[in-house]
Amino acid sequence: MRLLVVEDDRDINRQVVKALEEAGYVADKAFDGEEGGFLGESEPYDAIILDMGLPKTDGVTVLQNWRRAGVKTPVIILTARDRWSDKVDGFDAGADDYVTKPFHMEELMARVRAILRRVAGHATSQIACGSVVLDTRSGRVFVDGNPIKLTSHEYRLLSYLMHHTGRVVSRAELTEHLYDQDFDRDSNTIEVFVGRLRKKLAVDLIQTVRGLGYLVDGAQTKG
């Protein structure tokens with residue numbers, strides 16, 4: 001999963017990006033509304049964390065521009081404690097959720113997990129597909145109740161596929177959502193990680209759809 005953090009306070013931006021990366025996400029960052037607006041419209045993010053009080057272009061305007069451009073990416077807005085009007089303006093502009101500053105990082109991470117689950121149609125923090133269980137809260141994977149040790153890249157790949165069960169995901173899409181904007185992207189590495197996952201999971205979970213990409217069968221999925 002790939003997220004964008006648009007926050008002009010560099011300490012908060014750094015802390016949020018660090019927390020996202022530690023939780024197994026890929027995160028890009030922007031420090032003003034102009035850059036953030038461009039990235040949010042041009043890159044395929046799974047979710048965006050957007051501060052309302054941004055320089056150059058304010059958060060409400062950025063969000064309105066995204067929605068007018070047809071960007072449907074879920075957005076969590078960050079608002080000041082004494083500005084209830086920010087929340088109203090943000091929701092009216094198209095926000096999906098909000099967190100009030102100062103905030104606990106655990107709350108923000110929980111809201112990120114929840115919004116990603118809702119978009120993918122999952123009700124809980126655990127996504128089960130046959131004998132494979134992905135726990136988005138702990139960042140762990142189990143097969144028949146036994147923990148499986150995965151690298152961060154392997155976990156992100158499995159998480160994206162299990163969040164999008166029932167549809168074919170191309171290698172190009174996986175590459176766009178698993179690496180940040182500065183990474184030297186090579187879709188051929190996806191095939192390598194899929195092979196590693198299949199060996200570690202030792203179950204028939206990830207199907208190859210020739211010429212199109214990879215599929216996790218949604219009929220087996222619960223969560």
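Okay, let's start with Thr79, which lies in strand β4, residues 75–80. Strands here are DSSP runs of E with at least two residues, helices are runs of H or I with at least four, and both are numbered from the N terminus. Before I go on: this is a predicted model, where local features need pLDDT of at least 70, side-chain atom pairs count only at pLDDT 80 or more, and totals for chains, interfaces and linings use all residues. Residues are numbered from 1 along each chain as its sequence is written, and side-chain values use heavy atoms, with hydrogens and water left out.

So, is Thr79 buried or exposed? Thr79 counts as buried, at 0% relative accessibility. Buried means under 20% relative accessible area, exposed means over 50%, and partly exposed is in between, using a 1.4 Å probe and protein chains only. Setting aside residues up to four places away in sequence, Thr79 touches Met52, Asp86, Lys87, Tyr98, Val99, Thr100 and Lys101. Contact, by the way, means heavy atoms within 4.5 Å.

Lys101 turns up again at our next stop, Asp51. Asp51 sits in strand β3, residues 47–51, and is buried too, with a relative accessible area of 5%. Apart from neighbours within four places in sequence, its contacts are Val6, Glu7, Asp8, Gly59, Leu78 and Lys101. An unreviewed UniProt entry places the feature "modified residue: 4-aspartylphosphate" at Asp51. UniProt positions are in the numbering used here, feature names are shortened, and annotations may be inferred rather than shown by experiment.

Further along there's Val141, in strand β8, residues 140–143. Val141 is buried, with a relative accessible area of 2%. Not counting residues up to four places away in sequence, Val141 touches a list of residues including Val132, Ile148, Tyr155 and Leu201. And Ser159, 18 residues from Val141 in sequence, is 9.3 Å from it in space, C-alpha to C-alpha.

Now let's zoom out. How many helices and strands does the protein chain have? There are eight helices and twelve strands. The radius of gyration is 18 Å, close to the 17 Å from the globule rule for 223 residues, so the chain is as compact as a globular protein of that length. That radius is taken over C-alpha atoms, and the rule is 2.2 Å times the number of residues to the power 0.38. The C-alpha trace spans about 50 × 30 × 30 Å along its principal axes. And of the 223 residues, 48% count as buried.
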